[in-house]
Amino acid sequence: MQICPLCGVSLNEQDGIPNVPPSEKPAGYPGLILDQRQRKFTWEIISITLVSGILAAFTVNFILNHRITWSEYIIAVGLIIFCYASVLSLWKKSILPKLACGFFLSSICLLGLDMATGGISWALRLAVPLLLCLNVISVIYIKVVRLAAYKGINLIAYAFLAAAFMCLCTESILSLFRNGVWRLSWSVLASACVVPVVVVLLFVHFRLRKGRNLGRTFHV
């Protein structure tokens, strides 16, 4: 008889399912839930780290080039992370309003940064569309995860699919921004390489009983 090393429950040797009645199954491990004080402390650490990195990149860039050049992209990424970290940590709302608010604040910061460094050139045509695509794909993935009857390795497959769609969106936006023509090349190859992995993961999930729950599969 197999015994789970974590909870001590005897397991069925054929499919690894605990051989106990539903009423006697052990409770799952509690999720990681931060209170308001912990979220604020986490936000402070992230903010200090981001501000330090932004200031360092800006200082080095200004000393070497006497103006903002390559550090503009580092500052943009730092501002985006700061906006989302602030909303997710300090605002007590569901995830969808938080993502919408984070997108709105990030877009304003990107437009302000682009305007302060020589006029609006890349923010509206490159940064904001990329951020919008990332938010839309994230929202769809969150909805799929919530609607999934079984949360196992199928979520990994859906994440690969989301990454493939993001690659396609990224190259499309970059192609339009650089050349003014919609053209796909490397993103198609990357997405094609993802398809076999997704098929295998979904096969394991829907065909094998062990694949339907990551906790049950790995006994955690």
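This is a predicted model: local features need pLDDT of at least 70, side-chain atom pairs count only at pLDDT 80 or more; totals for chains, interfaces and linings use all residues.

I call it a contact when heavy atoms lie within 4.5 Å. On that rule I looked up S172, and S172 touches W182 and L184, leaving aside residues up to four places away in sequence.

Residues are numbered from 1 along each chain as its sequence is written, and side-chain values use heavy atoms, with hydrogens and water left out.

**Back to S172.** I found S172 in helix α5 (residues 154-179). Buried or exposed? I put S172 down as buried because its relative accessibility is 12%. My cut-offs for relative accessible area are under 20% for buried, over 50% for exposed and partly exposed in between, with a 1.4 Å probe and protein chains only.

**Whole chain.** I read off seven helices and two strands, in the order β-β-α-α-α-α-α-α-α from the N terminus. Both are DSSP runs numbered from the N terminus: helices are H or I with at least four residues, strands E with at least two. Of the 220 residues, 29% count as buried. I also checked contacts with a separation of 6 or more, and residues 24 or more positions apart account for 53% of them. The accessible surface comes to about 14300 Å², with 70% of that belonging to carbon and sulfur atoms; the areas are Shrake-Rupley values with a 1.4 Å probe, and for residues only the protein chains shown count as cover.

**Cysteines.** How many disulfides does a search of the whole structure find? I got zero, taking a disulfide as two cysteine sulfur atoms within 2.5 Å. For C109 the closest cysteine sulfur is in C83 at 3.6 Å, which is too far for a bond. C109 is partly exposed, because its relative accessibility is 25%. C133 has its closest cysteine sulfur in C169, 4.1 Å away and so too far as well.

**Rings.** I count three aromatic pairs. Rings of Phe, Tyr and Trp (its six-membered ring) pair if their centres lie within 6.5 Å; planes under 30 degrees apart are stacked, over 60 edge-to-face, the rest tilted. W43 and F82 make a tilted pair, 6.2 Å centre to centre with 40° between the planes. This pair links helix α1 (residues 36-65), which holds W43, to helix α2 (residues 71-90), which holds F82, 39 residues apart. F82 is partly exposed at 32% relative accessibility.

Y73 and W122 are also tilted, because their planes stand at 45°, with centres 6.4 Å apart. Y73 sits in helix α2 and W122 in the loop between α3 (95-116) and α4 (123-147), 49 residues apart. W122 is buried, at 9% relative accessibility.
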